[in-house]
Amino acid sequence: MEVTAVATQGRYDSSDWVSSYLLLYSDTGRAWKQYRHEDGRFAGNVNSEAVVQHKLSHSVRTRFLRFIPLDWNPSGWLGLRVEVYGCSYKSYVADFDGRSSLLYRFNQKSMSTVKDVISLRFKSRQAEGVLLHGEGQRGDYITLELHRAKLALYLNLGEKFSSSRVAVTLGSLLDDQHWHSVLIERFNRQVNLTVDSHTQHFRTKGEGDSLENIMDCNFFLSFGGIPLPGKPGTFLRKNFHGCIENLYYNGINIIDLAKRRKPQIYSVVRAFYSLIFMHQNFQHQGQRPGVLSTTPSHQESKS
């Protein structure tokens with residue numbers, strides 16, 4: 001569910017209410033993260049009947065919420081009724097085991113674009129791992145990876161005579177097993193990298209103007225690792241180990257393509273088993289999928 005507001009009320013017809021509290025959220029019900037609100041705490045109630053609502057300055061996508069009372073009526077005791085507001089949220093999740101990647105082949109009929117957009121959410125306990133990578137034959141490349149629990153983006157659109165590259169780093173402690181949002185936007189040579197709510201702007205180097213147009217028609221964009229050409233199942237750098245959610249390239253839902261076995265996307269794994277269809281088998285056995293699962297979620301709009 002995507003939570004947009006919360007409301008509290010005291011116990012009915014009593015002297016029991018909570019006057020301040022913390023709000024925590026979690027995707028698993030085990031690892032919790034505090035929602036940052038002004039000084040960290042939410043103002044609660046001053047009596048048992050009035051409803052106090054807080055609209056969240058930024059919505060949070062979560063499965064679990066936890067209200068932690070800090071202060072309450074000194075003449076009474078803890079009393080708390082809560083209401084959560086939000087909307088349904090559809091999620092396509094890929095679970096990478098650190099031994100695999102998804103490869104997306106660009107359409108041979110792709111036209112040059114002045115804008116490229118890549119968006120995704122991820123969570124991991126690992127401080128190192130490649131989230132996406134692509135390279136062409138003219139010095140052009142893009143790499144997004146976790147390095148020392150920070151997110152690093154390397155991008156060059158085809159510079160022939162220089163080995164220098166544009167490197168941008170954002171975030172910290174991103175190996176906390178909580179979801180983090182990533183947005184890469186390119187407008188000609190201007191690039192915006194956003195990690196959670198922080199954005200950095202920079203200009204690319206090179207002669208090309210599009211990730212699609214400057215590459216040959218057999219170019220692949222790899223998610224989760226950097227496969228070594230000609231050596232199936234071999235990777236150049238440490239693979240990503242964790243979950244990637246709602247992965248889009250220029251509006252194309254990459255994980256949905258994998259789920260539907262579309263020909264422009266396929267998997268590369270070190271072990272000889274299917275990356276895409278493990279989910280249903282493990283579900284029937286009551287186990288957690290080991291490599292990749294696609295799990296659309298449907299939540300109630302109000303609880």
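**Aromatic pairs, cores and strands in a predicted model**

By the rule used here, the model has 7 aromatic pairs, where rings of Phe, Tyr and Trp (its six-membered ring) pair if their centres lie within 6.5 Å; planes under 30 degrees apart count as stacked, over 60 as edge-to-face and the rest as tilted. Tyr 35 and Phe 42 make a tilted pair, because their ring centres are 6.1 Å apart and their planes stand at 40°. Both Tyr 35 and Phe 42 are buried, buried being under 20% relative accessible area, exposed over 50% and partly exposed in between (1.4 Å probe, protein chains only). Ring pairs also tie Tyr 21, Tyr 35, Phe 42 and Phe 67 into a cluster.

This is a predicted model, so to speak of local features pLDDT must be at least 70, side-chain atom pairs count only at pLDDT 80 or more, and totals for chains, interfaces and linings use all residues. Residues are numbered from 1 along each chain as its sequence is written, and side-chain values use heavy atoms, with hydrogens and water left out.

Phe 96 and Phe 240 come out edge-to-face, because their ring centres are 6.4 Å apart and their planes are at 70°. This pair links distant parts of the chain: Phe 96 sits in strand β8 (residues 93-97) and Phe 240 in the loop between β18 (220-223) and β19 (241-249), 144 residues apart. Helices (H or I, at least four residues) and strands (E, at least two) are DSSP runs, numbered from the N terminus. Phe 96 has a relative accessible area of 1%, so it is buried, and Phe 240 also counts as buried, at 0%. Elsewhere, Arg 66 lies over the face of Trp 32, 4.1 Å from the ring centre; the rule for such a charge is NZ of Lys or CZ of Arg within 6 Å of the ring centre and within 35 degrees of the ring normal.

Now for the cores. The largest nonpolar core holds 38 residues, and Phe 122, Leu 144, Leu 151 and Leu 193 have the most contacts inside it. Such a core is a set of buried Ala, Val, Leu, Ile, Met, Phe, Trp, Tyr and Cys residues joined through side-chain atoms within 4.5 Å. Helix α1 (residues 254-259) gives the most to this core, with 4 residues. A second, separate core of 13 residues includes Leu 23, Tyr 25, Tyr 35 and Val 60.

Strand β13 (residues 150-156) is mostly covered, with 6 of its 7 residues buried. On one side, 7 bridges join it to strand β12 (residues 141-147) in an antiparallel arrangement, strands being paired if DSSP finds at least two bridges between them. Tyr 141 stands opposite Asn 156, and in the hairpin, which has 2 residues between the strands, Arg 148 takes a positive phi near 55°. Another 5 bridges join β13 to strand β14 (residues 166-170), also antiparallel, with Leu 151 opposite Leu 170. Among the residues that Leu 151 touches are Phe 122, Leu 131, Val 168 and Val 195, a contact being heavy atoms within 4.5 Å.

Leu 247 lies in strand β19 and is buried, at 1% relative accessibility. Its C-alpha atom is 4.4 Å from that of Leu 120, 127 residues away along the chain.

As for confidence, the mean pLDDT (the predictor's confidence in each residue, from 0 to 100) is 80, and 75% of residues reach 70 or more. It stays under 50 over residues 212-218 and is below 50 over residues 271-303.

Terms used:
Lists of a residue's contacts leave out its neighbours within four places in sequence.
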